[in-house]
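Here is a short note to read beside the structure. Please keep the 3D view open and find each element as it comes up.

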Amino acid sequence: MDRRVFLKGSAASVAALALTGGVTSCGRGNVVSVKGLPGVQKAGDFDVVVCGGGPAGFISAIAASRQGKRVALIERYGFLGGMATAGYVAPLSEFAFNGELVIGGIPWEFVKRLESMGGAFLEMPKGNVDFDIELYKLLCQRMVLEAGVSLFMHSSLIGCEMDGGKIENVIIENKNGLEAISGRVFIDATGDGDLAFLSQVPMQPNHDGDLQPSSFCFVLAGVDTDSELMQRYMHHDGKKGSSQCTPVREKLLALKEAGEDLPDFGGPWFNYLMHPGIVAVNITRAAADSTDNRNFTEAECRLREDIFRFAELLKKHFPEFKDSYVSSTAPQAGIRESRRILGIHTVTAEEYVAGTKYDDRVSRGAHQIDMHASKGSGQVLIKLEQPAYVPYRAMIAENYPNLIVAGRCISADRKAHASLRVQASCMGIGQAAGVAAAQSLSEGKAVQDIDTSTLVSTLIGLGAIL
């Protein structure tokens, strides 16, 4: 039996295990192999364990639980929602294509419930969803708990125990210490593919350091949201052309051309948060690797300085912002791109743009391909002529019989990923992951061997538009 534990935790955690005599090197960066689990307490035994409570994760947990499975959801923050609530990435994009819904089922149920709470505003025909950040957090929590999911908040995923290619436990670290959660099927919805990486799943070829940049979003209060400029640019229904605020962009570029020392920026995009006087701002930009702690820390520090620099410029040059101030910064910078698994099938841009309809299609994509330059203010956009499809095979890897990946770390090339990474798409993929995990258990088969025609029909029965 090839039983291994891969641990990637704090120095204190590793040192504590080393004192037991159980730590040996496994030769993959700062991952170590541990013989046994000394000092680790068992926290629970579940059918499905979901790592990450973002758009893909919380939806997949609900989906699996509604299929009658015992589900655990692990989240490193004290709230759910991922990039929407931890990154202030707004609006939720995109649920529709030319006015026709393409993401349905549990994700759409979430949108409609949030709307009924006064926490969402639907912008058709693109199906972008403006939202209240705090009500979003509340509804995530409500729906997950209503479904009977067991929550492990404030918990960092630091390791996993494996028997060959099969994951048996994940190891988390929180105020209770080191804990192990066992499961029969695991869903990696961490965004960065952390569980897949720990499990040694092959990843897509190296990006040569040219990742799409991170943006540190923030909220400005005291904005004249009734002004013509804000009414034109803080709504993203697609009826009025580009959603980036052209007058502000042109002014900033002119200032830079005139010799003003300005940081790199994107957009800018101003986003409606359901209340007068406040907008979420997406403008900062820096090349960053979210999987490298030192790199990401340095990038966030620079970006926080940039937040206040841009807030000052908006206040100085635009009457709509003369009384504005930074009322809140996101808990972390938003991440566009990091790890992607090398799955059984890799979605290519050619397939994606052509709208290839796979037999094992499980979700859709409607957002244009959106490649942000890692340096400067550039952006490449490729419009879709029809909504795209996501195959189940892109969510699983060979030789990992109980691991499904959901969200932006699925198997796709860089261009296809530049559309699939948006939140509505991630929600649809998460729904598919939860249903597939439950089906794998019900059929008693590895995730690679389930009947995908049954999976597709089950998802359609839940409201997925396939």
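This is a predicted model: local features need pLDDT of at least 70, side-chain atom pairs count only at pLDDT 80 or more; totals for chains, interfaces and linings use all residues.

1. The parallel sheet. Start with the open sheet of 5 strands, ordered E11-E6-E5-E15-E24. Its pairing is parallel. Strands E11 (150–152) and E24 (403–405) each have a single partner strand, so one side of each has no neighbour in the sheet. From one strand to the next, the twist averages 20°.

2. Look at E5 (residues 48–51) and E15 (residues 185–188). They run parallel and are joined by 4 bridges. Which residue in E15 is the bridge partner of Val 49? The partner is Phe 186. Helix H11 (residues 423–443) packs on this sheet and touches E5, E15 and E24. The direction of H11 makes about 165° with that of E15.

3. The antiparallel sheet. Another open sheet has 4 strands in the order E17-E18-E16-E19. Here the pairing is antiparallel. The edge strands are E17 (265–272) and E19 (325–329), and each pairs on one side only. The twist averages 30° from one strand to the next.

4. Inside the antiparallel sheet. Strand E16 (residues 218–221) is joined to E19 by 4 bridges, and the two run antiparallel. Find Ala 221: its bridge partner in E19 is Tyr 325. Helix H7 (residues 246–257) packs on the sheet, where it touches E17 and strand E18 (279–284). The direction of H7 makes about 150° with that of E17.

5. A helix pair. Now turn to H2 (residues 55–66) and H4 (residues 133–146). How far apart are their axes, and at what angle do the helices pack? The axes are 9 Å apart, and the angle is about 25°. An angle under 35 degrees counts as roughly parallel, so H2 is roughly parallel to H4. The crossing of H2 past H4 is left-handed.

6. The contact between those helices. From H2 come Pro 55, Phe 58, Ile 62 and Arg 66. They meet Tyr 136, Cys 140, Met 143 and Val 144 of H4. By class, this contact has 7 nonpolar residues, 1 charged residue and no polar ones.

7. A covered strand. Is E20 (residues 361–365) mostly covered or mostly open? E20 is mostly covered, with 5 of its 5 residues buried. E20 runs antiparallel to E23 (residues 388–391), and 4 bridges join them.

Technical notes. Residues are numbered from 1 along each chain as its sequence is written. Side-chain values use heavy atoms; hydrogens and water are left out. Buried means under 20% relative accessible area, exposed over 50%, partly exposed in between (1.4 Å probe, protein chains only). Two strands pair if DSSP finds at least two bridges between them. Axes are lines fitted to C-alpha atoms, for helices over the stretch in contact, and angles run from 0 to 180 degrees between N-to-C directions. Angles under 35 degrees count as roughly parallel, over 145 as roughly antiparallel, 65 to 115 as roughly perpendicular and the rest as oblique. A crossing is left-handed if the near helix is turned anticlockwise from the far one by less than a right angle, and right-handed if clockwise. Contact means heavy atoms within 4.5 Å. Ala, Val, Leu, Ile, Met, Phe, Trp, Tyr, Cys and Pro count as nonpolar, Asp, Glu, Lys and Arg as charged, and the others, Gly among them, as polar.
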